[in-house]
Amino acid sequence: MQLITNEPDLRRALAGKAHIAFVPTMGNLHAGHISLVQQAARTGALVVVSIYVNPLQFGPHEDFARYPRTLAQDIALLQQSAADIVFAPDDSTLYPHRDIKQPKNTGQSVQLQLPELAQRLCGASRPGHFNGVATIVLKLFNLIFTNGCQQACAIFGRKDYQQLRLIQIMVQQLNLPVQIIAAETIRLPSGLAMSSRNGYLTEAEREQAAGLYRTLDQLRVQHQALAIRTTAAIRQLEQDAVAQLQAQGWRVDYVAICHPDTLQAAQPQDQQCVVLAAATLGQTRLIDNLGYEISEK
Ligand code: AMP
């Protein structure tokens with residue numbers, strides 16, 4: 001496994017590689033990330049994993065400064081995985097026009113603007129977040145999938161479902177020659193989705209945090225069992241889940257039952273659904289989602 005930190009070395013290492021599978025991450029790797037690496041390896045391609053905490057996608061009052069940076073530990077973990085190349089770019093590689101004294105000032109004046117979906121759900125409480133994500137993902141694609149790459153794929157987790165959908169839409173609408181592969185969410189035995197931000201939780205909060213998954217799973221069961229499916233009944237399920245989470249001590253951003261493609265509010269006739277939620281426990285904002293099917297009656 002090779003560690004690369006700058007563009008010239010990356011271009012040299014990837015020159016002539018026809019089949020590349022790419023896993024973008026912000027590091028502090030856990031079993032969820034590693035499952036993406038395994039999925040990348042199953043394509044038979046050269047596996048490139050990037051590690052970069054992207055300032056562009058953090059709001060002014062978010063956790064950019066305290067986000068866990070554990071490069072040595074991440075490299076040790078990747079060494080035991082199927083990763084071929086770790087690309088951990090320095091800031092000057094991705095943002096050469098940045099203000100060195102202010103890391104959040106990237107100097108990236110060309111940025112992608114995403115459709116309206118980027119302003120809803122997580123986009124409502126994190127303005128600009130998804131534009132920052134899309135911009136860095138496109139930059140990374142351009143760094144990694146050139147040099148003669150003929151078969152490009154990138155693996156994204158369903159854990160960040162809204163992000164996954166927006167990247168799929170971006171790839172489609174910008175005609176990017178990249179196949180996007182969606183990977184299942186890896187959970188702890190309690191049901192809590194693995195996340196780098198779980199490290200912010202206290203021991204007690206960690207126990208409590210599994211309540212987010214349990215609440216969504218309960219909502220799923222209730223939705224599937226609804227005797228009469230009406231819009232009002234679906235919205236009531238969302239409200240009940242919000243109330244349940246609040247009773248458990250969460251500050252809830254949203255619980256939304258959506259159509260999995262459009263992420264518009266689910267309608268009674270929808271057979272495929274995804275329920276998405278974002279909520280804060282103590283100082284830690286977590287997200288989760290569950291996809292499910294409603295059988296015809
Ligand atoms: P991050 O480092 O949080 O930016 O995540 C990098 C990639 O790993 C994204 O595509 C995430 O959706 C994915 N990911 C994060 N947590 C999990 C998990 N628990 N299971 C599967 N994929 C995950």
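Trainee: What covers the buried residues of α8?
Mentor: The cover includes α9 (231-247), β7 (251-258), β8 (272-281) and β9 (284-293), where contact means heavy atoms within 4.5 Å. Helices (H or I, at least four residues) and strands (E, at least two) are DSSP runs, numbered from the N terminus. Please note that this is a predicted model, in which local features need pLDDT of at least 70, side-chain atom pairs count only at pLDDT 80 or more, and totals for chains, interfaces and linings use all residues. Residues are numbered from 1 along each chain as its sequence is written, and side-chain values use heavy atoms, with hydrogens and water left out.

Trainee: Which residues in α8 are buried?
Mentor: Among them are Glu205, Leu212, Leu219 and His223; buried means under 20% relative accessible area, with a 1.4 Å probe and protein chains only.

Trainee: And β7, how many of its residues are buried?
Mentor: Six of the eight residues of β7 are buried, leaving the strand mostly covered. β7 also runs antiparallel to β8, joined by seven bridges; strands pair if DSSP finds at least two bridges between them. Ala256 has Leu276 in β8 as its bridge partner.

Trainee: Changing topic, how many bridges join β5 to β6?
Mentor: Five bridges join β5 (residues 151-157) to β6 (residues 179-183), and the two run parallel. The chain passes from β5 through helix α7 (residues 161-173) to β6 in a right-handed β-α-β crossover, meaning that, with the strands pointing away from the viewer, the path from the first strand over the helix to the second runs clockwise.

How values were computed. Buried < 20%, exposed > 50% of the residue type's maximum accessible area, 1.4 Å probe, protein only.
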